[in-house]
Amino acid sequence: MTLPRPAAHVCPPWLRELAERIHEAPPEWFSRFTPPPGGGARQSSVLILFGPGDDGAEVVLTERAHTLRSHPGQVSFPGGGHESGDADSAATALREASEEIGLAADEVTILAELPALHIPVSGYDVTPVLAWWHRPGEVFVRQAEEVEQVLQVSVVALVDPAARFQVRHPSGFTGPGFAVGPILVWGFTAGILDRLFERAGLTQPWDRSVERAVR
């Protein structure tokens, strides 16, 4: 599958259409875990940032620092907890991305917010913020205590059926996973990407009987 490579300042049609329709999907479509009455332990946001790549588009991800107590080494979206100076969820996501990977907010177009979802392990409520990197600049590990490395992963590679499988964790968790070279994406991040690609019409048939164990 090949997606046309957009100019750096042009949002691809599939992403623009996805952003326009994302409000039609209820929270339960993205995750079976939704915020409890009264909200979770803390409000947070993540930035789902797509930008132009060699074969159509890429998504910006991070590998979490291996010294973190929570999800060390796991691939995730940039993001973190809401602070009092943040105007909204998008502001939280952009501030965290700036702190973690040096992303400049004026290079980014915010497209839409997904419904707030709940992470039972941490008790956090997380609002995913969908965005387009209209003027890509430099990103790097700015906060080494949080980020091991910055990853820019091809959408074409992620939706390749050969990259798809089901993940099984000793906790009992099962869900979609992606593998692109040495990059393994699972958990909350993979679940959101899976739902977005499905909603955007990018998903190709893949063998759901293939499983990988993770720890």
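**View 1. Arg 195 lies over the face of Trp 29.** In this predicted model, Arg 195 is found 4.2 Å from the centre of the Trp 29 ring. A charge sits over a ring here if NZ of Lys or CZ of Arg is within 6 Å of the ring centre and within 35 degrees of the ring normal.

**View 2. Phe 173 and Trp 186 form a tilted pair.** The structure has 4 aromatic pairs. Rings of Phe, Tyr and Trp (its six-membered ring) pair if their centres lie within 6.5 Å; planes under 30 degrees apart count as stacked, over 60 as edge-to-face and the rest as tilted. For Phe 173 and Trp 186, the centres are 6.0 Å apart and the planes at 55°, so this pair is tilted. Phe 173 belongs to the loop between strand 9 (164-168) and strand 10 (174-180), while Trp 186 belongs to the loop between strand 11 (183-185) and helix 5 (187-200), 13 residues apart. (Helices, H or I with at least four residues, and strands, E with at least two, are DSSP runs numbered from the N terminus.) Phe 173 is partly exposed at 23% relative accessibility, whereas Trp 186, at 13%, counts as buried. Buried means under 20% relative accessible area, exposed over 50%, and partly exposed in between (1.4 Å probe, protein chains only).

**View 3. Phe 178 meets Phe 197 edge-to-face.** Their ring centres are 6.1 Å apart and the planes sit at 85°, so the pair is edge-to-face. Phe 178 is in strand 10 and Phe 197 in helix 5, 19 residues apart. Both Phe 178 and Phe 197 are buried.

**View 4. Helix 5 is mostly covered.** Of its 14 residues, 10 are buried, among them Gly 187, Ile 192, Leu 193 and Phe 197. From first C-alpha to last, helix 5 reaches 20 Å, close to the 20 Å expected at 1.5 Å a residue (1.5 Å times one less than the number of residues). Just past helix 5, Gly 201 takes a positive phi of about 75°.

**View 5. Confidence across the protein.** Average pLDDT (the predictor's confidence in each residue, from 0 to 100) is 92, and 96% of the residues score at least 70.

**Notes.** Residues are numbered from 1 along each chain as its sequence is written, and side-chain values use heavy atoms, leaving out hydrogens and water. Local features need pLDDT of at least 70 and side-chain atom pairs count only at pLDDT 80 or more, while totals for chains, interfaces and linings use all residues.
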